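How are two packed helices described? By the angle between their axes and the distance between the axes.

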Amino acid sequence: MTDDVHRSGRAPAGEGDSPPGPGMSIAARVQPAVDQSFDGDSLYAVRAAVAAHASAAGIPAARIRDVVLAVHELAANAVRHGAGQGRMRLWITGGGIRCEVADAGARPSGSDGDGDGAGPDAGSHDAAPWPVEHGHGLWLVRKVADQASLDTGPSGTVAVIDFRFESVRATS
Amino acid sequence: MPREVGRVTTAGADVQVTELTVDDHACLTFGEPEELFDLTAAFVRDGLAGGLKVVWVTEAGAQRATPELARRGIPVESALADGQLAVAGCEGCLLSGQAFSAGAAMRWLSGQMAASQQDGFGGLRIAMDMNWALRPVSGVEELPEFEEVMAAALAGTTASVLCQYDRERFDPVTLATVAPFHTRSVAAATYYADALLRICRQYAPPGIRVAGEIDYRRQEPLALALAEAIRLDGDITVNLADLTFIDGPCARMILDAARGLATSRSVYVRCHPVITDTFVLLGARDVAGVSLVSADDR
């Protein structure tokens, strides 16, 4: 089991390389299928790009909803509680979808939604009562993603989520 | 197109469809079929409840129109059976052999007014789909004349007519030409509308309708729409049938609105499975008073 949440202060990843992390066989420096900057006015474009690429990869509609919802919530967090703008990159490989949402804003402790400290497997409890206000987005992310990690520190925040699919058509 | 946050617009309308009176000659503008069927269902429902004869002349045809009314809680079968409700195509009412004549259409209208009196109804309500005028129908240039003569014929009677114009398809000149002949303009109360999202009131069954994509940035108009719906009596329908994305904060806002209702009231959230799943993730199945209804159920 990978530690779900880190606070190591890792900066957003550099140009062209894939986010490091165990669990998926994405080679280093694979070009992403999507590399898109966003702010509050362009979240719909992030959703549209993710949905289009997931659909083209042959992912079932219900899981496309999961991917779109997770990426949206991460991007919305970057807009609302981070730098106000960020960068979304998405890789499609034979093993699934990996998405990285990065922004230059650090999250004060507790405001990034990690109030309950729950890992990806801790999301099986009922939604009520609501977790802390900002936590719901990340709670949803952990609920739908196969793996989720969040690195945040003074130089920025990077969230990486993985969705595994058996029969994805690699587009990158 | 209205684009407002924090207050309600009705696309230039001056009344709600539920506020029409006995001799109104009203001009309804709508933007999509769901809005047309909703507003018409409210017009029909209130007419039937008031003991009036109700006629809907529609391009959709009875086969599509009557199930749309039934789905919105109108007692279609019984009203059709006892003659209080009639649903007809334009041919034979407004058109003859795909030709329009203001005189012939007025004769049909006068006949309907006389027949409703003879049959003992307290009045007559006619909803008139004007989409026929978008087709290459001969005599369509007599449409403004028809609207003008009809306005005079209805004044002081117990007959009202709701002319239905698709604001996306009729050109502004035509709409501007016929508008002055109407005593009222009617449209759905709209809380927000742009290319991605539309939030408006739903009239039959009462509630709100949200179409397109919604996220936290539009929480304010969603909150206003929900607050106004809650002020109505009885159950509330949140119609999300044409919604393709909802984020956590907006889904939670809808569930929170339901949580705040009295236990005697229910919120029916009507949506497709992809939207349903988001509500289920948030625990909607365990929120008392919330029912998730499949939008595929017709």
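Predicted model: local features only at pLDDT ≥ 70, side-chain atom pairs only at ≥ 80, totals over all residues.

Residues are numbered from 1 along each chain as its sequence is written, chains are lettered from A and ligands numbered from 1 in the order in which they are written, and side-chain values use heavy atoms, with hydrogens and water left out.

Helices are DSSP runs (H or I, at least four residues), numbered from the N terminus. Axes are lines fitted to C-alpha atoms over the stretch in contact, with angles from 0 to 180 degrees between N-to-C directions.

| Pair | Residues | Axes come within | Crossing angle |
|---|---|---|---|
| α1(A), α2(A) | 43–56, 61–81 | 9 Å | roughly 150° |
| α4(B), α5(B) | 102–118, 143–154 | 9 Å | roughly 25° |

In chain A, α1(A) and α2(A) are therefore roughly antiparallel (angles over 145 degrees). Their crossing is right-handed, meaning that the near helix is turned clockwise from the far one by less than a right angle. Contact (heavy atoms within 4.5 Å) involves residues including V46(A), R47(A) and V50(A) of α1(A) and V68(A), V71(A) and H72(A) of α2(A). By class, this contact has 12 nonpolar, 2 polar and 1 charged residues; Ala, Val, Leu, Ile, Met, Phe, Trp, Tyr, Cys and Pro count as nonpolar, Asp, Glu, Lys and Arg as charged, and the others as polar.

In chain B, α4(B) and α5(B) are therefore roughly parallel (angles under 35 degrees), and α4(B) passes α5(B) in a right-handed crossing. Among the contact residues are M106(B), L109(B) and M113(B) of α4(B) and E145(B), F146(B) and M150(B) of α5(B). The contact of α4(B) with α5(B) comprises 10 nonpolar, no polar and 1 charged residues.

Conventions:
Helix = DSSP H or I, 4+ residues; strand = E, 2+ residues; numbered from the N terminus. Parallel < 35°, antiparallel > 145°, perpendicular 65-115°, else oblique.
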